[in-house]
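I opened this entry to record what I looked up on confidence, salt bridges and the strand arrangement.

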Amino acid sequence: MADGGPVQHGYPHLETVRSAITALYKRLSYDTVHTFETSVSPADVAFCDDDDLYLGVQRVAREMVRHLRLPDARMIVSFREMEHAAYVELAAGPEYFIELNDRFRTHRRDIGAALAHEVMHVYLHRLDLEFPGTRDNEILTDTATTYLGAGWLLLDAYREDGASSQKLGYLTPEEFGYVLAKRAIAFGEAPETWFTSAQAYTAYTKGLAQARRDEQEPPLTAAGWAGRRRYAKDRRYAQDHGSAGGAPRGGSYAFSRDGGGSGGGVLRVSFPCPTCRQRIRVPAGRRIRARCGLCRTVVECDA
């Protein structure tokens, strides 16, 4: 939790975020991911200063449990002084003890964001889905919270001006915006209407631009002129030299031949799905429509 300190910006965790989206589709399946097509409603997690603190906290916690379909899980929430925003004890259940930072006693509008992250820890724990290392596992949790419909609250908790700052979670504001935009594109949502923080809206628009760039990488037909020209040159090199290597200037695509040899065989190209980042492999040198086997996205390729 950044509380008054500097807020990191940009996309330093982007590859881990993308791996987390892929892991969600692999562990949950396309059908299960799409049961979360409706995000948590702002009205369902609204918390006024006049609300009873403990009754309000339990109400919001129950909403997170309902959203993540954990009917046999009970969240017992308390407050204490701590460095981080919140902490959950991951036990066997059905009761889970969540501690919130004391500052949320007076910053009640962000309680939903803190609880969303902690209840997602419980959800992932029950799925037995985790990344190695605390940092990557927290990035997985932020990504899953956002992609499954509750993490817009974490982005909306970001506020920054010349005198103060606040940010919850391990992702940067732009990375939260990126994951939220990936979800919005996949589910046809318009989360920009939910923000109360102007800085969160700005971060979302930047993340949306980054997410759109995922849809414009060669060999996708939406790639720009420069990308298509670079791709054509790399494809000719792979054809002429029998190379099985990737794009030499950092492209996300890679060429290979059937059988793995350097001689004959069909030249193929693999590239990340713009939705789930699972790699798709198609024959090179032709215009083709391909379908991702993981998230079922259909893409047009000029391979």
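I began with confidence: the mean pLDDT (the predictor's confidence in each residue, from 0 to 100) of the protein is 91, and 93% of its residues reach 70 or more. I noted that this is a predicted model, in which local features need pLDDT of at least 70 and side-chain atom pairs count only at pLDDT 80 or more, whereas totals for chains, interfaces and linings use all residues. Residues are numbered from 1 along each chain as its sequence is written, and side-chain values use heavy atoms, with hydrogens and water left out.

I then compared the elements (helices are DSSP runs of H or I with at least four residues, strands runs of E with at least two, numbered from the N terminus). Where pLDDT is low, the predicted coordinates should not be read in detail.

Next I searched for salt bridges (a side-chain nitrogen of Lys or Arg within 4 Å of a carboxyl oxygen of Asp or Glu). The whole structure holds 20 of them.

I looked up Asp-72, which forms a salt bridge with Arg-126, with 2.7 Å between the closest N and O atoms. This pair links distant parts of the chain, 54 residues apart: Asp-72 is in the loop between helix H3 (53-67) and strand E2 (74-80), and Arg-126 is in helix H4 (residues 111-127). For exposure I used relative accessible area (buried under 20%, exposed over 50%, partly exposed in between; 1.4 Å probe, protein chains only). Asp-72 is partly exposed at 45%, and Arg-126 is partly exposed at 32%.

I also examined Arg-80 and Glu-99, whose closest N and O atoms are 2.8 Å apart in a salt bridge. Because Arg-80 lies in strand E2 and Glu-99 in strand E4 (residues 95-101), the pair ties together parts that are 19 residues apart in sequence. Arg-80 is partly exposed at 35%, as is Glu-99 at 23%.

Finally I traced the sheet, counting two strands as paired if DSSP finds at least two bridges between them. The open sheet has three strands in the order E2-E4-E3, with mixed pairing. E2 and strand E3 (86-89) stand at the edges with a single partner strand each, so one side of each has no neighbour in the sheet. E3 and E4 run antiparallel and are joined by four bridges; I recorded Leu-100 in E4 as the bridge partner of Ala-86.
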